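Thanks for coming, everyone. Please have a look at the structure on the screen, and then we'll walk through a few spots.

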Amino acid sequence: MASGIIAEKLTKYYGHEKVAALDSLSFEVQPGEVYGYLGANGAGKSTTIRLLLNFLQPSSGTAQIAGLDIVKDSVEVKKRVGYLAGDVALYQKTTGRELLNYLATLQGGVDGTYRKTLEKRFEAEVDKPINTLSKGNRQKIGILQALMHQPNVLILDEPTSGLDPLMQEAFYDSIREASDRGTAVLMSSHNLDETQRVCDRIGIIKHGKLIREQLVSDISSLGVSTFSVTFRKHSAVDDIKKEKSLKLLEQTDSNAVKLQPTGDIAPMLAALSKYEIVAMKSQQGDLENEFLEFYGDDK
């Protein structure tokens, strides 16, 4: 099966700007993988999505979706993609049902049973004019149009914006179903908790450059506490490297380290008790800390 998304050195300059909005971006999203795309406003997430969908053309570099070139085969690419924009714009005077019927026709038809399952799951108000719907209910229609044709690739920009917690869970269930079918999912999000829950891998973009990729399961050994320890003597840092009950993650100063237990916490604490400790702080590993490590100095 062809890979879902492959980007190779995608670069975009706007106008006469000397700084690239997107700088040599390379990444892959494999079939069945949910890839979380994280970054602050202006980092390059939306530019990436617009390039992949050929709304913009790259200044240099290439990308493929479902084995097709995003520029040369842009029409065929769109047949294989389910897309949800960050600020979804829908025909206002039609009902949700009329819009979905129209889009289904453009797709050459969709599985009616699956579409009805989605409508029920999201409690979509498909018989009301779209301009009478709340933001959350418009978002549901947007999600339905992206999912209903069971595409090879999903590209989703802030997909749960406006959804209540129950509908967020419905969305997560739908993404897991799509992943199980082999759909490659690229999901741009500011919601770090949902990214941690639903994604297999994350990429962090900053100032147009991909600065980190990592499996979610590997991020700071999620769920394992990290300890920042400052010793009175520098020699303790060398000594603790020999302790089997702990793993040294980083030496932050001449006498300060970050570490994690290799098993239960008690043996690690017993090992540390042999040394004079000036300060000690624990922190639960999670995606937010990983993200802020890169964006903590940005406004």
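Start at N54, which follows helix α1 and has a positive phi, near 65 degrees. This is a predicted model, where local features need pLDDT of at least 70, side-chain atom pairs count only at pLDDT 80 or more, and totals for chains, interfaces and linings use all residues. Residues are numbered from 1 along each chain as its sequence is written, and side-chain values use heavy atoms, with hydrogens and water left out.

Back to α1 itself, residues 45-52. Helices here are DSSP runs of H or I, at least four residues, and strands are runs of E, at least two, numbered from the N terminus. Six of the eight residues of α1 are buried, so the rest of the structure largely encloses this helix. Buried means under 20% relative accessible area, with a 1.4 Å probe and protein chains only. The buried ones are K45, T47, T48, I49, L51 and L52.

Next, a helix pair. Helix α3 (residues 96-106) packs on helix α5 (residues 135-147) at about 20 degrees, axes 10 Å apart. Axes are lines fitted to C-alpha atoms over the stretch in contact, and angles run from 0 to 180 degrees between N-to-C directions. That makes α3 roughly parallel to α5, a term for angles under 35 degrees. Which residues of α3 and α5 make the contact? From α3, G96, L99, L100 and L103; from α5, I141, L144 and Q145. Contact means heavy atoms within 4.5 Å.

Last stop: R201, in strand β9 (residues 201-206). R201 is buried, at 15% relative accessible area. Its side chain reaches the backbone oxygen of E28 at 2.6 Å.

How values were computed
Buried < 20%, exposed > 50% of the residue type's maximum accessible area, 1.4 Å probe, protein only. Polar contact = N/O pair within 3.5 Å; in protein donor to acceptor, adjacent residues only side chain to side chain. Parallel < 35°, antiparallel > 145°, perpendicular 65-115°, else oblique.
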